[in-house]
Amino acid sequence: MRLLVTGGCGFIGSNFIRMVLRDRPDAVVCNMDNLSYAGNLANLAHVERDYPGRYFFERADIADADQARGVMRRHRIEALVNFAAESHVDRSIEDASPFVRSNVLGVVVLLRAALEAKLGRFVQVSTDEVYGSLPLEAQYAAFTEDSPLTPNSPYSASKASADLFCRAFFKTHGLPLVITRCSNNYGPCQFPEKLIPFMFFRATRDEPLPVYGDGLNVRDWIHVEDHCRGVLMALEKGRAGAVYNFGGGAQRSNLYVVREILKFCGKDESLIRPVKDRPGHDRRYAVDYSLAAAELGFSPGFGFEEGLRRTLAWYRENPDWVDGATSGSYLGDMRKRYGE
Ligand code: NAD
Ligand code: TYD
């Protein structure tokens with residue numbers, strides 16, 4: 001299989017590429033990424049050397065039709081998995097335009113190019129955030145694939161828009177595509193603006209940990225390897241036109257997660273700093289992945305506490321990655337955000 005992975009220099013895409021190269025010896029992977037602030041070539045260090053002739057990198061923008069077509073043609077692409085996106089809710093609140101460009105226009109460009117190139121499979125990596133928010137009370141059922149799309153942030157609105165274009169390209173043009181909607185990921189190589197690496201790095205430097213609102217918002221955490229296994233199953237076995245939810249079966253409040261991180265670091269809870277709530281902050285996500293279990297054989301393998309411990313240990317053991325990821329524009333952005 002000649003596979004195009006877009007956004008492969010980001011957190012999940014890079015973990016996915018490593019998994020495919022390791023577990024599918026016949027696969028050739030082209031990674032197309034425009035190296036936005038979140039794209040980090042260090043996430044795929046040594047991959048070209050470890051898998052000679054099986055991995056190629058193209059710096060290109062998914063919203064540029066000529067570039068997208070050119071990459072598909074040059075690499076004789078047969079299937080595509082689209083991870084490329086602006087992915088951070090807080091940034092989408094500050095400015096939604098890059099989200100419209102990459103997450104909506106970029107997907108439409110890829111869909112058209114995929115049709116022209118007659119790809120055999122297109123996987124759109126979406127998110128559970130398109131379903132909006134659940135109340136905290138457990139009697140409200142987890143999101144299923146039939147839950148209405150009621151996004152609350154500009155980020156989730158852009159992802160929901162992309163999902164609707166994907167549906168339309170399946171219905172109208174018969175493009176053989178699958179949409180996956182996963183819950184919050186954690187694991188190695190996550191850009192340190194997201195909750196877990198962000199709090200870990202601040203805790204290690206004895207910097208205050210800004211917890212939004214009352215800290216009781218709940219996320220359904222999944223280890224990135226479990227998500228990547230799900231995406232690979234969707235690519236290989238998914239029904240054309242289907243949507244599959246993936247979740248980690250690990251609903252935890254933000255305060256709980258932050259306290260676990262502090263425990264791991266051997267730091268005191270006095271570092272926790274409640275701050276103004278995020279506007280439109282979704283209260284709870286919870287994902288019912290029974291369709292993916294029945295049709296694809298998906299189930300999450302990691303328990304949250306063990307997965308978190310291993311993830312934090314990875315960050316601790318990879319200081320060079322951490323220094324690279326937290327230098328440059330990242331530090332400037334964070335200082336601005338917290339008025340430091
Ligand atoms: P990330 O921000 O770490 O990486 C995104 C990557 O896409 C970066 O390498 C960036 O350079 C690239 N990119 C952005 N715009 C591009 C463009 N126009 N052209 C080419 N490349 C571009 O994101 P992530 O956390 O790895 O998320 C990957 C995908 O998974 C996203 O589509 C996201 O919506 C989805 N998702 C993420 C989570 C999560 O918890 N992180 C959960 C569910 C779904
Ligand atoms: P985040 O990692 O941004 O993912 P998402 O918004 O896509 O779920 O945030 C996870 C949760 O952590 C979310 O409820 C917001 C909260 N959060 C904080 O309380 N403080 C922070 O500094 C960050 C980055 C997130």
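This briefing walks through two ligand sites and one residue of the structure above. The model is predicted, so local features need pLDDT of at least 70 and side-chain atom pairs count only at pLDDT 80 or more, while totals for chains, interfaces and linings use all residues. Residues are numbered from 1 along each chain as its sequence is written, chains are lettered from A and ligands numbered from 1 in the order in which they are written, and side-chain values use heavy atoms, with hydrogens and water left out.

**Around ligand 1**

- Ligand 1 is surrounded by 28 residues, and the closest are Ile12, Asp33, Ser87, Tyr155 and Lys159; a residue counts as near if one of its heavy atoms lies within 4 Å of the molecule.
- A nitrogen atom of ligand 1 sits 2.9 Å from an N or O atom in the side chain of serine 102, and an oxygen atom of ligand 1 lies 2.8 Å from a backbone N or O atom of asparagine 185.
- On its own, ligand 1 has 840 Å² of accessible area, of which the protein covers 97% (Shrake-Rupley method with a 1.4 Å probe; for residues, only the protein chains shown count as cover).
- The elements giving two or more residues to this shell are α1 (11-23), β5 and α6 (154-173); helices (H or I, at least four residues) and strands (E, at least two) are DSSP runs, numbered from the N terminus.
- Strand β5 gives the most to the shell around ligand 1, with three residues.
- By type, the shell around ligand 1 holds 13 nonpolar, 12 polar and three charged residues (Ala, Val, Leu, Ile, Met, Phe, Trp, Tyr, Cys and Pro count as nonpolar, Asp, Glu, Lys and Arg as charged, and the others, Gly among them, as polar).

**A look at glutamine 124**

- Glutamine 124 belongs to strand β5 (residues 121-127).
- With a relative accessible area of 1%, glutamine 124 is buried (under 20%; exposed is over 50%, partly exposed in between, with a 1.4 Å probe and protein chains only).

**Around ligand 2**

- Of the 19 residues around ligand 2, those that come nearest are Glu129, Pro210, Arg219, Arg278 and His281.
- One oxygen atom of ligand 2 is 2.9 Å from a polar side-chain atom of asparagine 184, and a backbone N or O atom of tyrosine 212 also lies 2.9 Å from an oxygen atom of ligand 2.
- The protein covers 97% of the 520 Å² of accessible area that ligand 2 has on its own.
- Helix α7 (195-204) and strand β8 (209-212) are the elements that give two or more residues to the shell around ligand 2.
- The shell around ligand 2 divides into nine nonpolar, five polar and five charged residues.

Note on methods. Polar contact = N/O pair within 3.5 Å; in protein donor to acceptor, adjacent residues only side chain to side chain.
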